Amino acid sequence: MEKNMKREMLDINEKYFWSPAITWKINNDNLEIAVFEYSGIAIEYFPKFYYITQDGITIDKLLESFSNYDSNLMLGFVKDLIKNRILVHGILAPHELFYTQDRLFESPYNEDILYNPEKYDAYKHDQMTRSFKNCKNDKISLNVDYEFPASITERITHREFDEGRKVPFETFCKLISVFRQKNVAGHPRYNYASAGGLYPIDIFLYIKDNRVEGVKAGLYYYNPLDNSIELVSDTCVISEEAHFHTNKKIYNSSAFSLFAIYDAQVTMPKYSGMGYLYAFIDTGIMVELLTQVAELNNIGLCSIGDMNFKRIEKYFKLYKSHIFLHDIEIGLKK
C-alpha cells in the first residue's frame, strides 16, 4: 500500500524523458548529473537508466526495468530527478533550453564584468560601438533627412511608474486591444505579423488592486477573439518574491503585468521544434507593437523578460503545452 501511495504522487501515466539539456558522467565514485551529485547504488543504474529514459518511459515501466534493485531506493532517485528537472514530461523552459549553450561559447571576457563596474562599462562600450569587420571598403552613406515619430524616437525603458493615479480604463482598452483578432472578408487578421502565421502567444494580465480604473484586482486571460479579459483568479497574490532582486522595485511600482505564454499545441504540430523558435520571434514583435501603442497613450513599459515563474505558475491553470516566455511591467509614465 505504501509503495502504491508513493507512486500515486507522480504522474504514473505520463512518459518521462531524460532532458536533452542535461549531461551526466561518473567521476570516481560519484554520479554527476548537471550540477547534482549522487553516490552509492545510483551509480549502478547507469548507463542503462540514461538509455531507456531518452525515448520516454512511464514510472512503472522504469521501475520494472530495474526490478533487481530496491524499488523504494529507485523510486526516491526518480522523484529527485523529476524535482531537479532531469526527468521531464513537458517542453523545457527557455532557461533550461539555453543555459547549456554557454559551454559551447568561447568568451573573450571573464567573470569580472559581472562584479567590476569599470570592467562592465568597458565591456558595454565595446558592444555598443561594434561593427562588422568582414566588409569590403565600399560604403554607401544613407543620408536621408527624415525624422521618425516621437513614439519611436522617444521610447525609453521605464523602471518607475506613477503610483498616485489609476490607469484610465479607456487607455487600458487601447493598449491591450492592439492584440485583438479582426475579421476581414471572412479571414482572421491581426495588427502584427506572426512567424508561421498561427499566433501561438497567449496573453495573461495580472491587475494590481486599485491600479486600473474599473478593473478589479486579479489574474486575467486576454481573449483576442472577442477582445475581452476573462478572470482566471481573483484570489491569487503575486508578490515581488517572484522577481529577481534588480526587478523588485520595478514590479512594485507597476500597475499591471503582462505575461506572454507560448502554447506549443498551436504551432508544433505543423513546425515541430521550430515552432518554439518562432514563438520567441512572435513575442519580440508583440512587445514592439505594445511599446509603440504605449508611447502614444502616456504609458510606460519595462520589458522584464525572465522571472521566477515557477513560484506563481499554479495560479495560471495552464495547459501542459503552455510555457512562460516573457513578462512586461506596465504603468502610467511618472
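How many bridges pair strand β9 with β10, and in which sense? In this predicted model, β9 (residues 218-223) and β10 are joined over five bridges in the antiparallel sense, where two strands pair if DSSP finds at least two bridges between them. One of the positions concerned is Tyr 222, whose bridge partner in β10 is Ile 229. Helices (H or I, at least four residues) and strands (E, at least two) are DSSP runs, numbered from the N terminus.

Residues are numbered from 1 along each chain as its sequence is written. Because the model is predicted, local features need pLDDT of at least 70 and side-chain atom pairs count only at pLDDT 80 or more, while totals for chains, interfaces and linings use all residues; side-chain values use heavy atoms, with hydrogens and water left out. The average pLDDT (the predictor's confidence in each residue, from 0 to 100) is 93 for the chain, and 97% of the residues score at least 70. Residues 1-8 fall below 50, and this stretch has eight contacts in the model beyond near neighbours in sequence (contact means heavy atoms within 4.5 Å). Where pLDDT is low, the predicted coordinates should not be read in detail.

The pair β9 and β10 belongs to an open sheet of six strands with antiparallel pairing, in the order β10-β9-β8-β11-β13-β12. The edges are formed by β10 (228-233) and β12 (299-305); each has a single partner strand, so one side of each is left without a neighbour in the sheet. From one strand to the next, the twist averages 30 degrees. Helix α9 (residues 169-177) lies across β8 (201-207), β9, β10, β11 (256-263), β12 and β13 (322-332), and runs at about 20 degrees to β11. Axes are lines fitted to C-alpha atoms, for helices over the stretch in contact, and angles run from 0 to 180 degrees between N-to-C directions.

β2 and β3 run antiparallel and are joined by four bridges, with Leu 31 in β3 as the bridge partner of Ile 26. They form a hairpin with two residues between them, and Asn 28 in the turn has a positive phi of about 55 degrees although it is not a glycine. Three bridges join β3 to β4, again antiparallel, and Ile 33 stands opposite Phe 36 in β4. In this hairpin, which also has two residues between the strands, Ala 34 takes a positive phi near 55 degrees. The loop between β4 (36-38) and α2 (48-54) contains Pro 47, and the peptide bond from Phe 46 to Pro 47 is cis, with omega near 10 degrees.

One cavity of 30 Å³ or more was found in the whole structure. The largest cavity holds about 60 Å³ of space, and its lining divides into eight nonpolar, two polar and no charged residues. Helix α12 gives the largest share of this lining, four residues. The largest pocket holds about 990 Å³. Of its 43 lining residues, Arg 85, Ala 93, His 95, Glu 96 and Lys 310 are the closest to its centre. Strand β13 gives the largest share of the pocket lining, five residues.

On a 1 Å grid over the protein atoms alone, a cavity is a set of points where a 1.4 Å probe fits but cannot get out, and a pocket is an open set with protein on both sides within 12 Å along at least five of seven lines; lining residues have an atom within 4 Å of a point. Grid points are joined across faces, edges and corners, and a volume is the space filled by probe spheres set on the points. Ala, Val, Leu, Ile, Met, Phe, Trp, Tyr, Cys and Pro count as nonpolar, Asp, Glu, Lys and Arg as charged, and the others, Gly among them, as polar.
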